[in-house]
Amino acid sequence: MLNVQFDPEAFRTIIREEIKAATEKKPVTIKELPAMLTRDGLKEFLHIGDTKAAELLSRADFPVLREAGVLIPTHLLMRWIEDNTQWIQKNAKPFKVG
């Protein structure tokens, strides 16, 4: 007969380790990105879901090539991000700590 003992603390430790491993993502540098991002690559890089990705990909000013599926040139994405964050830099109040 098989005798199985359940150790709640060992189980908690395993769960904690797995959650930590799943949530610890190494930051990606621009040099590590491929020249072209797929839709899934875009979602992973920007930490967005399907809905936000669809919104971005449907914008007229968003850099996407559709001739070979959905491909986003990484260098054009970085330029697009820079161009579209200048409004924040010009119009947002500076953040002050303390």
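Predicted model: local features only at pLDDT ≥ 70, side-chain atom pairs only at ≥ 80, totals over all residues.

Colleague: OK, and which residues of H2 are buried?

Modeller: H2 covers residues 39–46, and its buried residues are Gly 41, Leu 42 and Lys 43.

Colleague: At what angle do H2 and H3 pack?

Modeller: About 110 degrees, with the axes of H2 and H3 10 Å apart; H3 is residues 50–58. Angles of 65 to 115 degrees count as roughly perpendicular, so H2 is roughly perpendicular to H3.

Colleague: Is that crossing left-handed or right-handed?

Modeller: Right-handed for H2 and H3. On the H2 side, the contact is made by Arg 39, Leu 42, Lys 43 and Leu 46, and H3 brings Asp 50, Ala 53, Ala 54, Leu 56 and Leu 57. Leu 42 and Lys 43 are also buried residues of H2.

Colleague: How many residues of each class are in that contact?

Modeller: The contact of H2 with H3 has 6 nonpolar and 3 charged residues, and no polar ones.

Colleague: Switching topic: what order do the elements run in?

Modeller: From the N terminus it goes α-β-α-α-β-α, which gives 4 helices and 2 strands.

Colleague: And how much of the chain is buried?

Modeller: Buried residues are 16% of the 98 in the chain. The chain exposes about 8,400 Å², with carbon and sulfur atoms supplying 59% of that.

Colleague: What share of the contacts with a separation of 6 or more comes from residues 24 or more positions apart?

Modeller: Those account for 43% in this chain.

Terms used
Residues numbered from 1 in each chain as written. Heavy atoms only, no water. Buried < 20%, exposed > 50% of the residue type's maximum accessible area, 1.4 Å probe, protein only. Contact = heavy atoms within 4.5 Å. Areas by Shrake-Rupley, 256 points an atom, 1.4 Å probe, with all protein chains shown as cover. Axes fitted to C-alpha atoms, helices over the stretch in contact; angles between N-to-C directions. Parallel < 35°, antiparallel > 145°, perpendicular 65-115°, else oblique. Left-handed = near helix turned anticlockwise from the far one by under 90°. Nonpolar A, V, L, I, M, F, W, Y, C, P; charged D, E, K, R; others polar.
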